[in-house]
Amino acid sequence: MTEKIGFVTDSTTDLPPAEVEKFGVEVVPAMIMFGGQSYRDGVDISRSELYQRMASQRLLPTTSSPSVGAFEAAFESMLSRGFQKIISLHPASTLSGIFNAASVAARQFPGRVEVMESGQVSMGTGFELLAAAEAAAGGASIDALGTLVEESRKRVRLTALLESLSNLAHSGRVPMILAGIGNFLQIKVLISLIEGSVSRVTQARTETRGLNAMIDYVRSWGPLERLAVAHANARQKAEDLIPRLSESLQIVNRSIAEKIYVIEVTPAIGVHIGPGAVGVIAMTSAS
């Protein structure tokens, strides 16, 4: 008899509500601290409201992973719903403490919860989870799903064009003095995230050149199976990218081309990359 396998993730996965509902995913909210108060991401405050407050008050929130207890409650909830095994998928441990919190919680459920790290953030993690959830719906075993996640991780790509280096400097990702120079010169930086490693792809003096460089970089990934455009409070900029991507990229599955996700990243990520950032997340073809 096929085991009933469920999925847990956290709000930094940016999984669209329709996909959460379709596959019965349990989403544990990250914590955001702003103006002396703590909020559960997407529960106590909406993303748009938090971005508006960041802009109007010119304050940067801080973030933290969900508590171990929050993950224990999520696992217990899934098991009580009849799931016999759980895959809990989270961002790269090099970028967040979320994976560690989930791993500690999983010790209370030996043999029933497998915690995995995606090597990604946002829909990079989301695409890995969706691939596994689709396979689970088709009857795949827990071992096969673990292998699939590992294989999918190698095929996920993420790139983002940052408006400013200030937020990365405040979060300790780049030295403050370099951020000051970059902002003075109005440099836009294109970064990539592949298997947990963040690197600079290139830089540009104008946004137009930066976006052109990003599309060229995405084109170098080859044929794509899944695609999302992500933004930090810059939806129009993200939507304007879609026709350019559709025209210039080789998309293996045309039904995927008709379902390019537009994702507003959680402020738990936006606080590091800064408002106005826009990016592309994809899963490359397996063949």
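In the predicted model, the side chains of Arg47 and Asp41 meet in a salt bridge with an N to O distance of 3.7 Å, the term denoting a side-chain nitrogen of Lys or Arg within 4 Å of a carboxyl oxygen of Asp or Glu. Arg47 and Asp41 are both buried, where buried stands for under 20% relative accessible area, exposed for over 50% and partly exposed for values in between (1.4 Å probe, protein chains only). The structure holds 12 salt bridges.

Residues are numbered from 1 along each chain as its sequence is written. Because the model is predicted, local features need pLDDT of at least 70 and side-chain atom pairs count only at pLDDT 80 or more, whereas totals for chains, interfaces and linings use all residues, and side-chain values use heavy atoms, with hydrogens and water left out.

A further salt bridge is formed by Arg155 with Glu151, whose closest N and O atoms are 2.7 Å apart; Arg155 is buried at a relative accessible area of 10%, while Glu151, at 30%, is partly exposed.

Glu195 and Arg153 also form a salt bridge, with 3.6 Å between the closest N and O atoms. This pair links distant parts of the chain, 42 residues apart, since Glu195 lies in the loop between strand 9 (188-194) and strand 10 (197-204) and Arg153 in helix 6 (residues 142-153), helices (H or I, at least four residues) and strands (E, at least two) being DSSP runs numbered from the N terminus. Glu195 is partly exposed, with a relative accessibility of 39%, whereas Arg153 is buried, its relative accessible area being 16%.
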